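Me: I would like to learn how to read salt bridges in a model. Please start with the general idea and then turn to the case at hand.

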Amino acid sequence: MGEAKRTSTYDPTKVTDEMVLRVSKSSYNNYAMCPRQYWWNKIALPDMDIPSSEAAIRGTAIHQVMEDGLRELSSDKTMRISGVSLMMDTTFNKHAVAQGVQTEVGVDALREILESIACEWGFIEIVELEDKHVHPYTISVLTDDGEIHYPVELVGMIDGVFRHPDGHLVVVELKTGRANNSKLSRTRGELCFYRKLLMLKGYDEPTHFLTIFPDADDADFLMSLMGKRNTEVYMGESQGLAVYEAVGTRSINAMEKKLRNAVHGIMTEEWPIKWNDYFCTQWCEFHMSCNEQMLGVEV
């Protein structure tokens, strides 16, 4: 018999024998970046409706174009190279119009990159697109008092999973906006989390990552990738690139450590402020409260 479905929550104060901690790529990264921000988002003000930024709205639209375009082109799960350029141009343009991003250069770059990959591989076999994953799991943390086991529910929605013509699985992530080595490094950690979800689902172990940056225009970033071991780069005509690389053990280990530390910190209700003069003031809706606390003002 299968395991009974368990409910989950991001709030550790609500965890019981029947309610486990929910852990997503965003939630544990949010805690690692700033535990106090996690507390505001998930515990103090979980129902606060924070408007999406223009960049986030644009990114969501371009993600939808990729998903809808590839679904239409690959109804039989395989997109063959024959005539693919014309088909992708027509199909992606149609879905770009539907999402209101038909004038975005990033959409053209995304299509060009996928065309380049299809040409190189001969075809793109799609295993998943934006599928939701929910898996029970146990996080084990070694402390001074012994090993602690936290039952959790890992959740995530993966942009895509391709199967390379050689047979191995490739985890795909689309990242709009600025592209650099720091962002690529963070994305590797996210992809390692998705790799974990896929293996829990029963897939073969994914061996490669494909990160698509349709807005990339930094020549230094491109040059840092050229000739790199176990890495291939696919480019758009005027901007954009995709990084296809083998999964690294170091990235896997770093993700596992980060995940363990975040879950332990959340479950022990540790909410320190990680203050950054730029990030906090520009990207956190709760920075005024933290600033007042650091100045000794009662909040």
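Reply: Side chains of opposite charge can pair when their charged atoms come close. In this predicted model, the structure holds 14 salt bridges.

Me: Which residue forms a salt bridge with Asp 89?

Reply: The partner is Arg 111, with 3.7 Å between the closest N and O atoms. The pair links distant parts of the chain, 22 residues apart: Asp 89 sits in helix H4 (residues 84-99) and Arg 111 in helix H5 (residues 105-121). Asp 89 is partly exposed, at a relative accessible area of 38%, whereas Arg 111 is buried, at 12%.

Me: What is the N to O distance in the salt bridge between Glu 205 and Arg 195?

Reply: Their side chains meet at 2.6 Å. For Glu 205 the relative accessible area is 46%, which is partly exposed; for Arg 195 the value is 9%, which is buried.

Me: Is Glu 173 buried or exposed?

Reply: Glu 173 counts as buried because its relative accessibility is 3%, and buried means under 20%. Glu 173 forms a salt bridge with Lys 175, the closest N and O atoms lying 3.5 Å apart. Lys 175 is buried as well, with a relative accessible area of 15%.

Me: Which residues are linked with Glu 173 and Lys 175 in a network of salt bridges?

Reply: Lys 25 and Glu 190 are linked with them in that network.

Key: Residues numbered from 1 in each chain as written. Predicted model: local features only at pLDDT ≥ 70, side-chain atom pairs only at ≥ 80, totals over all residues. Heavy atoms only, no water. Salt bridge = Lys/Arg side-chain N within 4 Å of Asp/Glu carboxyl O. Helix = DSSP H or I, 4+ residues; strand = E, 2+ residues; numbered from the N terminus. Buried < 20%, exposed > 50% of the residue type's maximum accessible area, 1.4 Å probe, protein only.
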